[in-house]
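Good morning, and thank you for coming.

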Amino acid sequence: MTLDDRLSAAMAAAQDGDTQAYRDLLRDCLPVIAGMARAQGVSVEAVDDVVQETLLTIHKARATYDPARPFLPWLRAITQRRAIDRLRHSGRRPQEVHDPIAYEAHADAGPAPGQRIEARERERSLARAVAALPDGQRQAVEHLALRERSLDETAHLTGRSKGALKVNLHRALKALRKTLSNDKTLSDDGTLADDGAVSKGKGNRDV
């Protein structure tokens with residue numbers, strides 16, 4: 001089993017409530033994150049800060065990870081953002097690193113003034129897209145991704161099994177990515193101009 005496979009399996013087990021798997025995951029991530037931070041140009045004395053900030057982000061965003069996708073690119077995207085935040089804070093210029101995988105859960109710190117308006121519009125678009133999801137998918141996103149509740153707590157609140165919640169969350173994230181990345185989906189006033197992507201998402205049966 002490769003490192004990526006092992007970390008992916010540990011995260012999947014952690015999402016199911018396996019606390020030991022989660023501890024093992026965070027422990028195994030430590031040297032990986034440190035190496036990624038150093039590759040970004042983070043100084044030796046600041047590496048530990050980046051590691052801790054990355055682990056905190058992983059904890060907050062753990063419910064959004066899709067076990068069907070590779071773990072290391074997901075981890076690398078988080079680490080690069082936290083490293084860039086640290087380099088900006090220290091006044092150093094971050095190294096240019098190409099990563100085609102966009103990490104969607106957290107924005108960079110210190111946006112330009114125009115970016116604040118764009119961020120608010122993205123938030124409104126996201127809220128509309130989430131509201132358009134089938135009930136099961138919408139509940140999974142709201143509780144697990146937006147409110148950062150655990151699978152156990154969400155299962156108790158919604159009456160759905162943890163397996164059903166995971167399936168609905170993965171379907172919802174896939175539908176949201178497609179909806180929000182399709183310019184034709186949203187019209188100028190923010191309403192759905194072409195409901196193909198959303199209709200397809202509604203066609204996914206909730207579990």
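Let me begin with a term: a residue is called buried when its relative accessible area is under 20%, exposed when that value is over 50%, and partly exposed in between. Please keep in mind that the model before you is predicted. By that criterion, buried residues account for 39% of the 207 residues in the protein chain.

As to architecture, the protein chain contains nine helices and zero strands. If we consider contacts between residues at least 6 apart in sequence, 64% of them join residues at least 24 apart. The chain exposes about 11,800 Å², and carbon and sulfur atoms supply 51% of that area.

I turn now to helix H1, which covers residues 3-15. Its 13 residues reach 18 Å from the first C-alpha to the last, close to the 18 Å expected at 1.5 Å a residue. Among the buried residues of H1 are Asp 4, Leu 7, Met 11 and Gln 15. Just after H1, Gly 17 adopts a positive phi of about 100°.

On the surface, Leu 126, Leu 146 and Leu 180 form a nonpolar patch, with about 240 Å² of accessible area together. Of these residues, Leu 126 belongs to helix H5, residues 113-131. Leu 126 is partly exposed, at a relative accessible area of 30%.

Let us proceed to the charged pairs. How many salt bridges does the structure hold? The count is nine. In one of them, the side chains of Asp 85 and Arg 82 meet at 2.8 Å, N to O. These two residues are three apart in helix H4, residues 71-90, and therefore about one helical turn separates them. Are they buried or exposed? Asp 85 counts as buried at 17% relative accessibility, and Arg 82 counts as buried at 7%.

A further salt bridge joins Arg 138 and Glu 142, at 3.3 Å, N to O. Glu 142 is partly exposed, at 21% relative accessibility.

Lys 162 forms a salt bridge with Asp 152, with the closest N and O atoms 3.2 Å apart. Because Lys 162 lies in helix H8 and Asp 152 in helix H7, this pair ties together parts that are 10 residues apart in sequence. Lys 162 is partly exposed at 28%, as is Asp 152 at 46%.

Definitions and conventions
Residues numbered from 1 in each chain as written. Predicted model: local features only at pLDDT ≥ 70, side-chain atom pairs only at ≥ 80, totals over all residues. Heavy atoms only, no water. Patch = residues over 30% accessible without salt bridge, like charges linked within 9 Å, V, L, I, M, F, W, Y side chains within 5 Å. Areas by Shrake-Rupley, 256 points an atom, 1.4 Å probe, with all protein chains shown as cover. Salt bridge = Lys/Arg side-chain N within 4 Å of Asp/Glu carboxyl O. Helix = DSSP H or I, 4+ residues; strand = E, 2+ residues; numbered from the N terminus. Buried < 20%, exposed > 50% of the residue type's maximum accessible area, 1.4 Å probe, protein only. Expected span 1.5 Å × (residues − 1). Contact = heavy atoms within 4.5 Å.
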